[in-house]
Structures are given as structure tokens and as C-alpha cells.
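Welcome! Let's take a friendly look around one protein model, a helix at a time.

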Amino acid sequence: MALPDPDDACDAEDVAATSCALDRFSETADVRSLIASLPEIYPDGTATESAMERFVAIMDRYQEQPHLLDPHLEWMVNMLLELNRSEKTPAPAVHLGCKFLYVISKVRGYKVFMRLFPHEVSDVQPVLDLLCEQDPNDVTTWQTRYVLLLWLSMTCLIPFDLSRLDGDLSREPIMDRIFTVAKSYLKVGDKCRDAASVLVSKFVTRPDVKQKRLGDFLDWSLTTITLTSDLTMQGTFLLDGILQSLAQLFKRGKRDDVLQYAPTVMKCLDQRQLSENKQAVLRKLGVKLVQRLGLTFLKPRLAKWRYQRGSRSLTLNLSQSQSSKPVEALTPAEDTEVEDEAYDIPEEVENVIEQLLIGLKDKETTVRWSAAKGIGRVTGRLPKELADEVVGSVLDCFSFHETVNAWHGGCLALAELGRRGLLLPSRLFDVVPLIVKALTYDEKRGTCSVGSDVRDAACYVCWAFARAYEPNELKPFVTRIASAIVITAVFDRDINCRKAASVSGTFPHGIDILTAADYFAVANLNNCYLSISVYIAGFPEYTRPMIDHLVTMKINHWAGAIRDLAAKALHNLTAKDPDYMSATVLPQLLPKATAKDLHTRHGAILACAEITHALSKLSAENSRGFGGELMRPAGELCCSIVSAFLPVHRIASDWQWLIDDTLKSLHMFSSSTSQDIRGAAVSALATLCEEYYQSQPGVADIQMQGECVSECELCKVRGVCFAALALGSLPKFIINNKLQQVLTCRITPKDVTFVEARRDAATAIAQVCKSAGVCARGSPDCVLCAGNVGGVYTVLLDCMDDYTTDSRGDVGAGVRAAALSSLMEVTLLVAGTSPELLSPDMIQRTMCCATQQAAEKIDRFRAHAGAVLLQLLHSREPAVPHIPQKEELLSIFPPAGYLDWKAASQAFPHITQLLRLQCYQYHALLGLTVSVGGLTESTVRHSSQSLFEYLKGIQHDEGALVQFGDTLLRIFRDHLHNDRVSVPLLKMLDQMLANNSFALFAAKDNHPFCVDLLALCKEEIKKSRDILKLQSCIAVFCGMIQFPGDIRKTVLLQLFILLGHSFPVIRKAAASQLYETLLTYDDVIDPAVLDDVMTLTTPDAGLETVRTYRNQLCDWLELPRPKLLAKVQ
């Protein structure tokens, strides 16, 4: 189970904050117009769909506050029912109106909604007839059948005998028709089944119907339950409908009418064994029916023995609250007539309670919740002794051997019992310890844990107890309950449990705590552990319980993030009770640091480190003041802890061995894990050097200095990729007189294995330079100076050419990003101290490298390079000298914050402006080449659009276009046979030629640009078997046919050579593109033979046939036939 994302938690806060912000129904006019328009728009499918979506959107706003609709329900329902009552209304309009009615019932609930239906005698026959006309199998009109079933159930409330409505003796009696329709809809697969169960319960319990049909319906129901299989979908639907109708019937029917049938129904359910059914909905309905049977067996009564807080009368409570007299509990005898408790309890009740207790342990939450409510309802009608036995049975759910489902069901049952006053205060001594355990219930299952629902239900129990009992009754348990609730609200890993605990009860300092740990503040787990916990620990009642909970429950948690947060929380809480931490907590943690369980060992070591660190800081702060005497014992304990681990004379060497061994072993861990371990080890090395490697302040111990540097060099020799950062973390006094040795200890082999090492080395160089400092006339072994600054820039600039790739992609991008960051840091460092060390060549190469990276295709690295470029350009203190064409750059690039470099649409229009600056043209075009010829659609689109906008501006400037062409050819020449650049370059050239970007060169025969481009293309594909490269080059050759002179014949000859290529896909590409090109440039070949050319360029024939056709084309165009070169033996 993953930890909740803090960002997601913030989003949930926003939704929750606005969900209950409405105070009235404000869309009256819109809803009236929508309903009034239904008779006109129903034939138009688009209009009806739009109206339906609008109505649903309006009503869904009130899902959380449906009571706001109550003043408006009557007129909405009446307007919609007018459509159904009118005989002139066509069927589509009726169905549309019923869809609107269903939306209202869904939002407000069918119980409130159905009361608004007219239920006069004149409505029975029309509603029944309309319902009988519907097709139960039509999936598009189920809302109509649902609404009509609810309406028919309301018409069944008329006080007249239904036989009086049978005017036409030739038709089936209305009673039989309703009975038949209701039974038929109990087996459908849609929501109409729920409405049919309501109809059955209201219809069968009518005085005139129960005499004739109640027995028959129960016989049919029990027979169907016995014989129907739940292995089929249809059987499941039928059982669902019957169980719903029976539960509704025993709920609504009079006890005297249904009591005689209850034992038979109970026996049928026992035989069916619904508690073992695989269908959760059937188990839930079985529990619901069992509890209704139990309530039927027991007389309706209020138990005299139940606990009551105050009065059931709101008026009396308000009057008592205004007086000075305390509120006295009223006995039920003052409200209702209560029979003597001494009466016989039917034997079936024991079976009912047993079934409900089994339901408490069901694997589905809905079943457990229904069983818990049943336990509360049935227990309320039992004598005190039997009720106490039920409570004892519920408490058995909290056994160590029970499952998480039993714990959850037990919590729900206790909450129901407490809320109803059926859990007497004498039982609190047994209940409270179990609830405290439930608040921290967490059981690991494989790679996740279970128990969040148990903790959530335990919070519900606390909420119920706080409202059910007088404060005096809870006074002995307040401390334990309050501490447990606060701990859950702050330290629970599940956001729902933290929110539930934050609103679960009243406790000491409750207002102050709830202000800091309210429903929304506890959504962020880090905030709970590191901030809210510190505030709450300021109250003495909660300090030690919170610390004990972290030590016993969280530092050994299976989730590593929780262990880490627990250790940090202990660090923050140390200041609240340092004596307890030093005298009690640390002695508890030390044995756990060597435990066999890895989670416990890891958490204990983290906790010991954090607490020791916190105690040391407190000792340093307080030893100067009046608190020194207080903190001295804690400091002595810290020393004893360190001594317990290592003898004093071995501390430095052994810790150094641990750090070195950790760095050497990092290759055995995953990249994400090793990243954290590496950071911790590097930080520890710097701290160790500061503490133990100084012979006097600022002067290194010669022996330890040599060992430290040589060990890092040894790590590099052994192939460990993380030694560079260790060198970068060394403090200045260690580097002193060793700077040249440290700088030359870098990893340079361009092998995939060493990519991370080169990245770390590039980062470490800047760290070493900042640690050593800058002095223009200093020694190269001590500071960054004229003797070594050139070498630093050479190494970092060489890293900018690292384009190593492996299965992960462009892994060299990390090296380039680290090197670019280091270039920026070193440049700003030197510019602020000794700017004379910066040569114009260094700055120019740095700016050009940043320009190239800012023009490339990977968004996040483009953004990083853009940030570096802007930082160097706009830096004022210090200002970077020798930036070429700085004024032009300032006019192109605004200060940081105005340009989103990750957005290709914003970045490339600025980048292409660098093409007009000669100093940056080469590198900007090199970066653009990779982007324009890349694969990402958005990057290709925006980069090519910006490039062509620039080329459009120099179309008529021959000098600028020639310069651009020369730069392009230089890039091609420098990266010949480098597929990373050459293939995108060919794609870019294809786009340029297709857009006539070099139309100015076509005015002159055999232009030098065209000749050189052709030569480079021929060299690039020489002996190549790369299909992508060959296809790209074919497109370039076809585009170059636009150039006149001998160059055209040479290009055609190259295309004819590719027409006879051994790869069919290359022959096909060359043939199709050549034919399209000949159609475009009609001056190349005689149009009369163009159709023959198409026939001859068909690539589907054999290779020898294709080459024969190709030779014929060469003859037509007066070109020499290509000849195969003899293979050299």
C-alpha cells in the first residue's frame, strides 16, 4: 500500500472545502426552463442530450446537501408528471420526463421523493396500465419503469378496498394485476428491482391484500429461495429481489400479521446458508432480513436499563441548558409505556443473534455494517442480562486470533451499541482497552498492510462514546482515549484515519489541538509527523504517549518512509522531554539496533542517530546558559552511547572504514536506494573530517589527510562510481596542498558503466573549487588559480560532448547537465573573486555549450540549460566578463521567469534568433538539428516552425543564406557517420528542401553548397545498411533535383543506384519518391514517357528485373548505367 501523495491530499482538501458551501437552491429559473422545454425538444436527440446533461450537472451539485431541494421538489415533480398524465404526450416525451424524475430521486433519495407522487383513486388504473405497457427488457427506458413502480407503490396507500376499482369484470382484477407486475419485476437486472421490492412491501401489507395474498407471496418466495441457484446471473437477480422484498415486508408489516410466518422464513434462511454465499449482496440482504426477523420475534419496546444522556426531548434539553440545574436523565417510562422485563424470549432470537455475530466477521464492509446495525436494534429489545451477553460476544471479536474483518465488525457494533445507550458505563473498563488497541491496529500482509478500516471504525467508536456518555462517566478513560485519538490523528499512515481521528471526540486542550490538527491540516503526512506532532507534544498529557508510540509502533514499521518520518519526529520531540529521551528511550532503542528483524534494526539506528543528534544540539545550545546543568547528564549519556559502539581511539578509523565500505558497496543497490545512501555517506564523510581530521582548527592531520585522499583514489581505481562525490565533499583543510591531486582524480573512460561516475565527477569539480577558493596568484595545490583554472574548464567542457546512450536512452544528458551546472558555479565563483582568470575563449565556449543544450530536444535538460544561460547572462553581482555579443543576447532573452523553457512553443522562437549571431550560429543550429529531426511531435513542430520563420527572413539575403549553408555543411562534415546528428540532419534537410528554403541557390548551376551537400550525403550512406538513414537520404536526393546543372544528373544517378538496392523497402521508397519528384519537376523527363517511368519504377519485381528497368531509365535520361563493383577476395 503506497503512502498518500501530499499533492493529492491537497487536492482532496480543496474538494472537501467546497462540497458543503451551498446555502440554497439557486438554479430555479434554469430548471423551470429545462422542464418546460421538454415537450418541444424531445424529437431532437442532440437537444435532449444537452438538456439532460445540464439537468444532471445542476442536480449533482446538491448530492452533499440534498435537503436544499426540499422547497422546490413539489413543483419540479408536478411539472414532470404533467407529461405522464397527459394522454397526448408521446412515449419519447414520457421517457424523457421519467429520466428527469429519476435524477431527482437519485439525489434526494427515493423515500422522500416518492411522497410527492399523487396517490388518488383515479391514479391507480392509469399508472398500472402505463406500467404494463413497458418492455422490461428495454435497457433505454428503465428509468420510466422505476418511476412508475414507485408511483404505483404510493397509490397502494389508498384506504379503499382494491376490489371496488374493478369496474370491468372481463379484465383481470387490479389486485392480481399489481401482484403479477410486482413479482415480474423482482427478477429484472436493473434498478427497477429495488422499486419492485418497495411496491411488494407496501402492497402485500394492505389490509385487503394480506388476507388473500400474504401467505401466497411468502410461500412463493420461500420456494423460490430454496430452489433458485445463485450460480447464474438471473438466479442472483431473483434472489436479490425476493430478499429485498421480504426485508421490506417484515419492516413495514404489523408484527401481529407477520409473526406467524417469521419462524418459517428463519428456517428457510438457515437451510439456504446465505452467510456462506459467494455473492456479497446476497449475504448483506440475508443479514438485513435476519435482523428484521429478530425484531419481529421481539416485542417493540424501549429497554428501561439503557443508558440515557439527557432527554429525548429537544425542548426539555434547551430549557434545562438555560437553567442552572444539571440535566437529569429521564427514564423511558416518562416517554413511553414499557412492559415488564420478565417475559419469554423466543428461541429463534438466539439464532438471529448468532447470524448477526457471524455477519460481523464477513469479508465485505457492507455486510459487517448491516450486521452491526442489526446487533444494535435487536439488543435494544432484550433484557439487561441477555443484552450484556450480546456485548460480551461482540467483545470476543477483538481476540488475538480473530481476523481484521472481525475487529472492524466489532468496532462498528460497539459504536452502534454505545450510540443507542446499550453499552452501560460498567462495560467501559472492558471496552476502552480494546478500542485503544484498535486505534493502532496494523497488520502486514505481504508487501502491504491491513487495518486502516479497523482504525477508522475505532475513531467512529470514540465519536459515538463522546456523544453518548456524560463527561463524568468517561473521566477515568479520558487520558487513554485522548492520547490514542491524538496519536492516530497525527501518526496514522492512512489519510482517512487521520481525518476521522481529528473529529472523533473531546479531550484535554481539545480546541487548541483541533485548531492545529483540523480535518484539512492532517491531510499532509509530513506535516503531521514533523510539525503538528511538535505542537501537540507541548501539552504534557501527550508528550510521552506520542514518544512511546513512535518507539514501539513506528520505528519498526514495514514502510521505510514511516520509519524515516518516525525517526525525524523523535528528533523534533527530543526538545520536549530530553530527560525521558536520554534515560528511557535510548536504552530501549540500543538493543533494537542489533535486532534480527531488518525493519526494526533500520528504524532503531535511524532513531538513535536522530535522538543523539537532537541531544547534542540541545547540549550545545543550553550548556552556555542556565540549562547546562540540566543537559550535562544527557551529554554524558551520548558519550556513553558512542563508547558502547566504539572505543574512543578507534572512532575515526572505524567510521572512515564504514563510509568507505558503503561507497564501495553501492553498486549492489538499486539506483534510487543508492542515491539516498550515497548522499548520507558523503555528508557523513564531511562531518567526520570536520570532527576528527584537524590537528588544530583549520589545519589537517597530515596522516589522516593522506589516507582520506588516497582511499578516495583507490575507490576510483576499483571501479566504484561514487568516489567523485566523496572527493567533492572534502572540507578545505583536507584539500589544502592536495588540490591538484584531487582534481586529477576524475573518472574519464567513456563507457556506459561510468556514466554516473562522470556525472558525479562533474558535480564534484565545482564543489572542490568552491571549497578550495580562488586566488589568481595562488598555488595550484591550494586554490583555484591561473595554473589550474584552464584544466578545470577543459574537463567540464569535454563533458558537454558526452552523448552516451544505453537501454535507458540518452544517459549522457545527466553528465552534460552536471557539467553545465558546474561551469556556471565555477564561472560565477571566479568572476566574483578574480575575473582576470576568465579568458574570452573560456566564456565563449561556455556560452556556446549552454546555447546548444538549450536548443536540444529533451524538455527538462533544455530548461536546465536555459536557466544556466540566463543566470550567466543576467548576473550582476558578480557580472560575467567577455560574453560575446552580450547586448544582442540581452535583447533576445528576457530575465528568468518570463520564459518557460520546457514549453517548445516558447523556447524555440528565442533560440532561432541566435542563428543571426555568428558566434552562436554553429551551436544553436547543431542543437536545432536534433530537435527538428527528432521524434517528439510537439518539439518537431515548434522547432521547425521557428527555423523556417528565420529562413524565410533571409530568403533574399544571399550573404546570410550562404553563411547559414556553410554552417550547416560544417555541422554535417563534423558529425559525418554520427547517427545522433546525421540522421536528424538529413530529416531537417528534407524539410528545408521541401519548403524551398534554398531557392536562391537553384538560380545558379552547380552551386557550391549543392555540390558539397551531395558529396557529404554520398559519403554518409556509403556502405550503410541503416534503413532509416537510407530513407532520409532518398528524400534529400529527391529534394535536390530542384537544383539545375550537372548536380541534377549526379543526384538522379544516386537515386537510380538506390532503385537497385538489395533491400526491397529501400527500392520501394526510392521508386515512389522518385515518381512523385518527377511529377513535381516536369522539366526533368519528357512527360510522354512519364507513365512508362511509373511502370518501370515498380519495386515489386525481382532484383534483376528492377535493375533492367532502371538501366532503361538511365538510357532515357542519358545517364551512365550503374555498375556493380566486383567484390575483393
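Helix α23 covers residues 452-468, and at 1.5 Å a residue its 17 residues should span 24 Å, which agrees with the 24 Å between its end C-alpha atoms. The expected span here is 1.5 Å times one less than the number of residues. Helices (H or I, at least four residues) and strands (E, at least two) are DSSP runs, numbered from the N terminus.

This is a predicted model, in which local features need pLDDT of at least 70 and side-chain atom pairs count only at pLDDT 80 or more, while totals for chains, interfaces and linings use all residues. Residues are numbered from 1 along each chain as its sequence is written, and side-chain values use heavy atoms, leaving out hydrogens and water.

**Around helix α23**
- Among the buried residues of α23 are Val454, Ala457, Val461, Phe465 and Ala468; buried means under 20% relative accessible area, exposed over 50%, and partly exposed in between (1.4 Å probe, protein chains only).
- The cover over the buried residues of α23 includes α21, α22 (428-438), α24 (471-474), α25 (478-491) and α26 (495-502).

**Asparagine 405 in helix α21**
- Asparagine 405 belongs to helix α21 (residues 404-419), and it counts as buried because its relative accessibility is 18%.
- Leaving aside residues up to four places away in sequence, asparagine 405 touches Leu360, Lys361, Asp362, Lys363 and Arg368; such a contact means heavy atoms within 4.5 Å.
- The side chains of asparagine 405 and arginine 368 make a polar contact at 3.3 Å.
- A polar contact is a pair of N or O atoms within 3.5 Å; within protein, one must be able to donate a hydrogen and the other to accept it, and residues adjacent in sequence count only if both atoms are side-chain atoms.

**Helices α53 and α54**
- The axes of α53 (residues 1046-1059) and α54 (residues 1064-1080) come within 8 Å and cross at roughly 140°.
- The two helices α53 and α54 are therefore oblique to each other; angles under 35 degrees count as roughly parallel, over 145 as roughly antiparallel, 65 to 115 as roughly perpendicular and the rest as oblique.
- Where they meet, α53 brings Leu1052, Leu1055, Phe1056, Leu1058 and Leu1059, and α54 brings Ile1066, Arg1067, Ala1070, Ala1071 and Leu1074.

**Proline 840 and the whole protein**
- Proline 840, in helix α43 (residues 840-854), is partly exposed, with a relative accessible area of 48%.
- The protein has 56 helices and six strands, and 50% of its 1129 residues count as buried.

How values were computed
Axes fitted to C-alpha atoms, helices over the stretch in contact; angles between N-to-C directions.
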